[in-house]
Amino acid sequence: MAANSGPDPGLASENTLKIENTEKRDTLVEAEKKYQKAWIENHVFEPNAPTTAEVPFGSVSPEALREQYPKFMGTIAYPYMNGYLHAGHAFTISKVEYATGYARMQGKRALFPQGFHCTGMAIKACADKIAREVELFGKNFERYQEADEADEIPAPTVTDTKTDVTKFASKKSKTAAKNVKAKYQFQIMQSLGLPLEDIHKFADAYYWLKVFPQGGKDHLNKLGLRIDWRRSFVTTDANPYYDSFVRWQMNKLKELGKIKFGKRYTVYSPKDGQACLDHDRSSGEGINPQEYTGIKMKVQQWADAAKEKLSSDLAGANVYFVAATLRPETMYGQTCCFVSPKITYGIFKMAEGEYVFVSDRAARNMAFQNIFADWGKVEKVGELSGANVIGTVVEAPLSVHGQVRILPMETVKASKGTGVVTCVPSDSPDDYATITELAKKPEYFKIQKEWAELEIVPIIHTPKYGDLVAKTLVEQMKINSPKDAKLADAKEEAYKEGFYHGTMVIGEYKGRPVQEVKDLLKQKLIDSGDAFNYAEPDGLVMSRSGDECVAAHLDQWFINYGSPENGGDSEWYNSVLGHVQNGLNTYSNEAKHQFERTLGWLSQWACARSYGLGSKLPWDQNVLVESLSDSTIYQSYYSIAHYLHSDLFGVEPGKGNIKPEEMTDDVWDYVFARRDKVDSSISQETLQSMRREFEYWYPLDLRVSGKDLIQNHLTFFLYVHIALWPNEYWPRGIRPNGHLLLNGEKMSKSTGNFLTLSESVDKFGADATRIALADAGDGLDDANFEETVANATILKLYELRKWCESMSHDAQVVGSAEEYKKLWEEKQGKNMDTVQRTGELGFWDKLFANEMASLVQETKEHYDGMLYKNAIKSAFYDFTSARDFYRETTKAAGVGVHQDIIRQYIELQALLLTPIAPHWAEYIWLEVLKKPNTIQNARFPEAAPIDAGLTATRAYIRTTLSNITSAEGAQQKKMAKGKAVKYDVNANKALTIFFATKFPEWQDKYLEIAREAFEKLGVIDTQTVAKNVDKKDMKKAMPFIQNIKRRLDSGESKGEVFDRKLAFDERSVLEEMAPLIKQTVRKCVDVQVQAVEAGAEGEGANAVPGAPAFKFENVA
């Protein structure tokens, strides 16, 4: 492959929907661009706090100011700028965008700022790759040949079950379960649509910051977002103001004792020579170090097969099988030690005359934990297959048996722990199942039977499973094999039950809870030299440089997150947990529980690294602030950013004409309401104005992010806010969202199912994209952007706009229904679509007006709850359906639509869609309704009083019409199958509708019985009520009573259920429906409405008030 025939940028989306006829889309897009330009030019989305001239500084409290001038501030987790934004970014952004639009319509000053994250090693690592590829292939990669193509490498995934079941862990990495071809970086840049001749410029990491943030801004503007771009910025020292802000933040945390220095385990890349935190990983995001106790099991006698392969030096040396365990308290019950006969193990030098027998992976981890003599060095002195060591005798520290044998276990993995597993069959279901299997088949496993038959002694008593937890669980769950899938559940249950409820029944701590004893026994083993601390990443972690990471025990700066059990700051932890449980709106219980689980397992977090882009740690200029630590409280920076600079990089001065060096820590403290006085060269007026901005916009009302960030960023965000400010400024709401599927499948460039934000707008236009994003879903479940929805929306918006224009600009007005009928006759029903009447409102007018009021109220409730899929349904799909029904009914009735009702519909439709489809709404507002000012400043409509009678009437009409058409359809199917029918559906027919004037007497009796039961108990107990039902009435009475119970249980009021008078005149409604039925039912030439008495026999016998019966019959 020649260099100039690199990846086609279009291939990433080659399997997405293709749009052919674009005339309607282009018409809509033309208006979208027009209004986007107008909004920017008129500074529509640039809100400010009330100035100190409007409200003198210090004259009212910040809380009172916010009450007097209601506000809303919402943000997303700023995107990382190593490429262009995609549809997933747009989905998250849309949540804040819709909320901001709705807040404006509530009369609030609504702020949606947006910055760009560039901190971390990803950009630097990619830039370094470009630099190497330029050296290798030339400035324009002209020396590249297909033979240079890299091998195909599967992206690593985490498939193992979590190790410590008392801790929560994410099960999904960003690249999980996706095979990608390892391409050169210049090819990846080509796939983004960048010209080949420009790619060499990206060897400078800071050049990325010049390209992608501006590209992100341009693409977001295409979507027509309500972003205040005055407050935008890039992170890192590329912006000296933001750099100063980060350094201030870190200084404050250190002063408060939240940042500490010491040795701790962290995920580490030996290749990069630094900690590898979540944002520095190509896979394994969310994986943390798992700490074990490494049990040293000294070899007493090697198996014969091992002796033959070992050198004479090793045969007599001190060699320890090291078993990694999470349960040191159970070591009393060791009966053997397991290895995998299929794994090749190494013998590694630990110290002079001492060696360990472990997997290669474990040895690599140990090398970075001060377990071996030289940091980072592994000295492998021997190698043995697991099969070679079966039968070896080793010491088992604390075990009642003293010495045990090495035995085979086929499920041992080299990727978990040390590859050596000590066996405690009393408390481990895995071990019990394996040792039982070994004892049954000693010849098959090539062992002696007695090796697997050491006594199983009780170690821990649990109230639920007694003294032998493992044996009890294996028998209860009917586990018959070490490979039984149920073992994973049994293991988790045994661990949790033992840890949380277990009591020791052996040893010096007999009678004490396991939770108290666990760490005491661990330390005893370490102090005696029988164990050491060992850690490893709890899954495979790959750095962006392609290095498999280890767990290293490092001297480092870390933020003291975590519960006291995890070594964290107890008071800080309890404050955050309290806010999550009692102050923070997470919009779902599931999200709240995820925060609680994260707080339960989260521990100290390394906040510095040596490689990448960022701000230098103020007190250690050799390291940079880590990317998840410089991005916790930048939302406060938005509040005053426009005073500092007027461009992304802080080159152009802002409103305050302030120099970066003037932003001292004391000034930051003052601006952010952490001190009340400051000496500064900045004018007092400017300082007070900046502080006013912060005190007004804070606290942050809404934070939106993908749910995967709960486990790090969103929780850090809470921690640091709570550390630096009082409760008044703590975040008020976090709304996590699910990931975005595209057309029901995961987005993937490799499969051609990928869509950038810009491509989506180019393909469908801004409003159709926005509506499809709203329709994609809400909540934590994965949402689905359907291109067919976006495409269909283009036509729907275009036709609706065209209809609104026609009804407004081409209206032919008549004075009454009679004039409409006269005109209809003159025109023979042709060209009547734009004819509108005036005068008194009729039945169908009132019904439609009431339904609009109901939908306005329903839409408001959905917007209040940030349920945008529901909002677009009620505000758009249901609203237009209601309009269509109104048009059909008034046409059928021969009265036509009412001009006032039509104008009300058009205005309400524009207002309801403003948060989600603002361009379309703006066009209708200004061009159709001829309003003087932008709809962006309009208020959300107040719902007119809803008439319960009209609401019940509409439901009655909908149900009755559906029943009639369903019956007609059933007859049609019977005829198609050749079955006998009562009438010919294809011939002229008449319909008689029977309505009952009162309820059957038997229902009155049982209604009263149900009422008495409800008033006595507050609920209806059907079993109790059934005792008062006559046997002859049982079949009809019980369904009737159960329906009453269902209605009450669903929330209907007592009055609605027990007061059985209809809210409307049923005969009148049916007579109004007659023309509609004749129009809807094919070849229906007549509709008659007939009253029947309750309990009457024959035709109409089944009718009850509110549920008519009907019959069709053919007529000549």
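**Figure 1. Ser399 sits in the loop between β14 (393–395) and β15.** The model shown here and in the other views is predicted. With a relative accessible area of 9%, Ser399 is buried. The cut-off for this word is a relative accessible area under 20%. Which residues does Ser399 touch, leaving aside its neighbours within four places in sequence? Its contacts are Met331, Tyr332 and Gln334.

**Figure 2. Helix α11 covers residues 429–440.** The helix has 12 residues, and from its first C-alpha to its last it reaches 17 Å. This is close to the 16 Å expected at 1.5 Å a residue. How many of the 12 residues of α11 are buried? Nine are, so the helix is largely enclosed by the rest of the structure. The buried residues are Pro429, Asp431, Tyr432, Ala433, Thr434, Ile435, Glu437, Leu438 and Ala439. The cover over these residues includes three strands, β10 (336–339), β15 (403–408) and β16 (420–423). It also includes the helices α12 (442–445), α13 (469–476) and α14 (487–501).

Figure 3. A disulfide is counted when two cysteine sulfur atoms lie within 2.5 Å. By this rule the model has zero disulfides. Is Cys118 buried or exposed? Cys118 counts as buried, at 0% relative accessibility. Cys423 is also buried, with a relative accessible area of 0%.

**Figure 4. Phe233 and Tyr242 form a stacked pair of rings.** By the rule used for ring pairs, the count in the model comes to 71 aromatic pairs. In one of them, the ring centres of Phe233 and Tyr242 are 4.9 Å apart and the planes are at 20 degrees, so the pair is stacked. Planes under 30 degrees apart count as stacked. Both Phe233 and Tyr242 are buried. Another pair is made by Phe694 and Tyr698, with 4.9 Å from centre to centre and 35 degrees between the planes. The pair of Phe694 and Tyr698 is tilted. Phe694 and Tyr698 are both buried.

**Figure 5. A cis peptide bond joins Tyr698 and Pro699.** Most peptide bonds are trans. For the bond between Tyr698 and Pro699, omega is about 10 degrees. Where does Pro699 lie? Pro699 is in the loop between α20 (684–697) and β26 (702–706). Tyr698 is the residue that also forms the tilted aromatic pair with Phe694.

**Figure 6. His43 and Asn657 have positive phi angles.** Most residues other than glycine have a negative phi. His43 is not a glycine, yet its phi is about 55 degrees. The place of His43 is in the loop between α1 (23–41) and α2 (62–68). His43 is partly exposed, at a relative accessible area of 48%. For Asn657, phi is near 50 degrees, again positive in a residue other than glycine. Asn657 belongs to the loop between α18 (634–644) and α19 (665–671). Its relative accessible area is 60%, and Asn657 is therefore exposed.

Figure 7. From UniProt comes the feature "domain: Aminoacyl-tRNA synthetase class Ia" (unreviewed entry), placed at residues 66–130 and 209–785. In the model, residues 66–130 are 48% helix and 14% strand, and the end C-alpha atoms of this span lie 50 Å apart. The chain has 35 helices and 36 strands, and 54% of its 1116 residues are buried.

Key:
Residues numbered from 1 in each chain as written. Predicted model: local features only at pLDDT ≥ 70, side-chain atom pairs only at ≥ 80, totals over all residues. Heavy atoms only, no water. Buried < 20%, exposed > 50% of the residue type's maximum accessible area, 1.4 Å probe, protein only. Helix = DSSP H or I, 4+ residues; strand = E, 2+ residues; numbered from the N terminus. UniProt positions renumbered as here; feature names shortened; annotations may be inferred. Expected span 1.5 Å × (residues − 1). Contact = heavy atoms within 4.5 Å. Phe/Tyr/Trp six-rings, centres within 6.5 Å; stacked < 30°, edge-to-face > 60°.
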